[in-house]
Amino acid sequence: MNSTAVAANKLAEKPLTEKTGAHTDEAAALIAGARERIDSLDDRIIGLVQERMAVSAVIQEARVTSGGRRVNLSREMEILGQYRDALGKPGTSLAMTLLELCRGRV
């Protein structure tokens, strides 16, 4: 068994309150359930990002094939503004990361 599996088994053996950092069983159960929901949301977010990357690749290919540039800076500015307006200043960082992922290798 590798060290990651051993660590996972040890974590699984710990009481729920210890795994969650909660001090009561009720809080530990609530945290465990919420973490499962977060894990599910993260899986969906990752899938959506991968889908966005694929769609961006199609757009870039069409733009380049037609003689245009791979990146449309005015469109990227729109996206940055949309994320900033919806999520505040951290939204800009999130959008920058998303745009970087979707640009592929420049």
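Predicted model: local features only at pLDDT ≥ 70, side-chain atom pairs only at ≥ 80, totals over all residues.

Tutor: Just after α5, Gly-104 takes a positive phi of about 70°.

Student: And α5 itself, what should its 15 residues span?
Tutor: At 1.5 Å a residue, residues 89–103 should span 21 Å. The end C-alpha atoms of α5 are 22 Å apart, which agrees with that expectation.

Student: Which residues of α5 are buried?
Tutor: The buried residues are Gly-91, Ala-95, Leu-98, Leu-99, Cys-102 and Arg-103. They cover an arc of only 130° around the axis, so they lie on the same side of α5.

Student: Why would residues a few places apart point the same way?
Tutor: An α-helix has 3.6 residues a turn, so residues three or four places apart point the same way.

Student: What about the other side of α5, which residues are exposed there?
Tutor: Lys-89, Pro-90 and Glu-100 are exposed on that side.

Student: What covers the buried residues of α5?
Tutor: The cover includes α3, residues 25–65, and α4, residues 73–87.

Student: Changing topic to α4, how do the axes of α4 and α5 cross?
Tutor: The two axes come within 7 Å and cross at roughly 145°. The crossing of α4 past α5 is right-handed. Among the residues making the contact are Ile-79, Leu-80 and Tyr-83 of α4, and Leu-94, Ala-95 and Leu-98 of α5.

Student: How many residues of that contact are nonpolar, polar or charged?
Tutor: The contact of α4 with α5 has 10 nonpolar, two polar and four charged residues.

Key:
Residues numbered from 1 in each chain as written. Heavy atoms only, no water. Helix = DSSP H or I, 4+ residues; strand = E, 2+ residues; numbered from the N terminus. Expected span 1.5 Å × (residues − 1). Buried < 20%, exposed > 50% of the residue type's maximum accessible area, 1.4 Å probe, protein only. Arc of directions from axis to C-beta. Contact = heavy atoms within 4.5 Å. Axes fitted to C-alpha atoms, helices over the stretch in contact; angles between N-to-C directions. Left-handed = near helix turned anticlockwise from the far one by under 90°. Nonpolar A, V, L, I, M, F, W, Y, C, P; charged D, E, K, R; others polar.
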